[in-house]
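Please open the model in a viewer and keep the sequence beside it.

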Amino acid sequence: QVRLVESGGGLVQAGGSLRLSCAASGPIFTIHVMTWYRQAPGKQRELVASITSGGSTNYADSVKGRFTVSRDNAKNTVYLQMNSLKPEDTAVYSCYARGVDYSDPTPRDYWGHGTQVTVSS
């Protein structure tokens with residue numbers, strides 16, 4: 001079974017930086033898109049950034065110019081470099097991937113458990 005495991009969250013002061021990683025493991029044939037979502041307490045989950053296998057990226061307006069998403073296809077890993085962090089960036093950041101594993105040619109959705117990012121003012 002394909003698993004996504006996030007790492008890199010933590011506590012940082014406003015203006016600081018963090019780098020999140022999400023590694024996919026298991027019988028992966030291909031991953032089409034990898035996406036970072038976040039959910040703050042009392043708020044809906046929102047897309048932060050996504051990247052396709054070809055390197056096309058998409059960002060939420062609130063993070064453009066501060067966050068950078070990248071991926072290592074050979075390692076099935078996606079990264080989120082977060083700079084100039086603000087208290088409003090505080091949330092649980094979760095990784096999502098849509099791909100195909102060797103057991104079934106049907107594309108599936110995979111989710112990680114999330115990692116907490118807290119930005120203090």
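Which backbone nitrogen does the side chain of Glu6 reach at 3.0 Å? Select Glu6 and Gly114 together: the side chain of Glu6 reaches the backbone nitrogen of Gly114 at that distance, 3.0 Å.

Before continuing, please note that this is a predicted model, in which local features need pLDDT of at least 70, side-chain atom pairs count only at pLDDT 80 or more, and totals for chains, interfaces and linings use all residues. Residues are numbered from 1 along each chain as its sequence is written, and side-chain values use heavy atoms, with hydrogens and water left out.

**Stop 1: Glu6**

Keep Glu6 selected; its place is in strand E1. Strands (E, at least two residues) and helices (H or I, at least four residues) are DSSP runs, numbered from the N terminus.

Is Glu6 buried or exposed? Glu6 is buried, yet has no salt bridge. Buried means under 20% relative accessible area, exposed over 50%, and partly exposed in between (1.4 Å probe, protein chains only). A salt bridge is a side-chain nitrogen of Lys or Arg within 4 Å of a carboxyl oxygen of Asp or Glu. For charge, Lys and Arg count as positive and Asp and Glu as negative, while His and the chain ends are not counted.

**Stop 2: the sheet that contains E1**

Show the strands as a cartoon and find the open sheet of four strands, in the order E1-E3-E8-E7, with antiparallel pairing. Its edge strands, E1 (3-7) and E7 (67-72), each pair on one side only. Two strands pair if DSSP finds at least two bridges between them. Neighbouring strands of this sheet are turned by 15° against each other on average, direction ignored. For such angles, axes are lines fitted to C-alpha atoms, for helices over the stretch in contact, and the values run from 0 to 180 degrees between N-to-C directions.

Next, select residues 18-25 and 77-82, which are strands E3 and E8; they run antiparallel and are joined by six bridges. Within this pair, Leu18 stands opposite Met82, and Ala23 has Thr77 as its bridge partner. Strand E8 is mostly covered, with five of its six residues buried.

On to E7, which pairs with E8 in the antiparallel sense over six bridges. Here Ser70 stands opposite Tyr79. E7 and E8 form a hairpin with four residues between them, and Asn76 in the turn has a positive phi of about 50°.

**Stop 3: the disulfide**

How many disulfides does the structure hold? There is one disulfide (a pair of cysteine sulfur atoms within 2.5 Å). Select Cys22 and Cys95, which it joins with an S to S distance of 2.1 Å. The pair links distant parts of the chain: Cys22 lies in strand E3 and Cys95 in strand E9 (residues 91-101), 73 residues apart. The link is left-handed, with -85° about the S-S bond. Cys22 is buried, with a relative accessible area of 0%, and Cys95 is likewise buried at 0%.

**Stop 4: the salt bridges**

A search of the whole structure finds six salt bridges. Select Asp89 and Arg38, whose closest N and O atoms are 2.9 Å apart. Asp89 is in the loop between E8 and E9, and Arg38 in strand E4 (residues 28-39), 51 residues apart. Asp89 is buried at 0% relative accessible area, and Arg38 also counts as buried, at 5%.

Move to Arg98 and Asp109, a salt bridge with its closest N and O atoms 2.7 Å apart. Arg98 lies in strand E9 and Asp109 in strand E10 (residues 104-111), so the pair ties together parts that are eleven residues apart in sequence. Arg98 is partly exposed at 32%, as is Asp109 at 44%.

Finally, select Arg108 and Asp104, whose side chains meet in a salt bridge (2.9 Å, N to O). Arg108 is partly exposed at 35%, and Asp104 is partly exposed at 22%. To close, display Arg38, Glu46, Arg66 and Asp89 together: salt bridges that share partners join these residues into one network.

Key:
A polar contact is a pair of N or O atoms within 3.5 Å; within protein, one must be able to donate a hydrogen and the other to accept it, and residues adjacent in sequence count only if both atoms are side-chain atoms.
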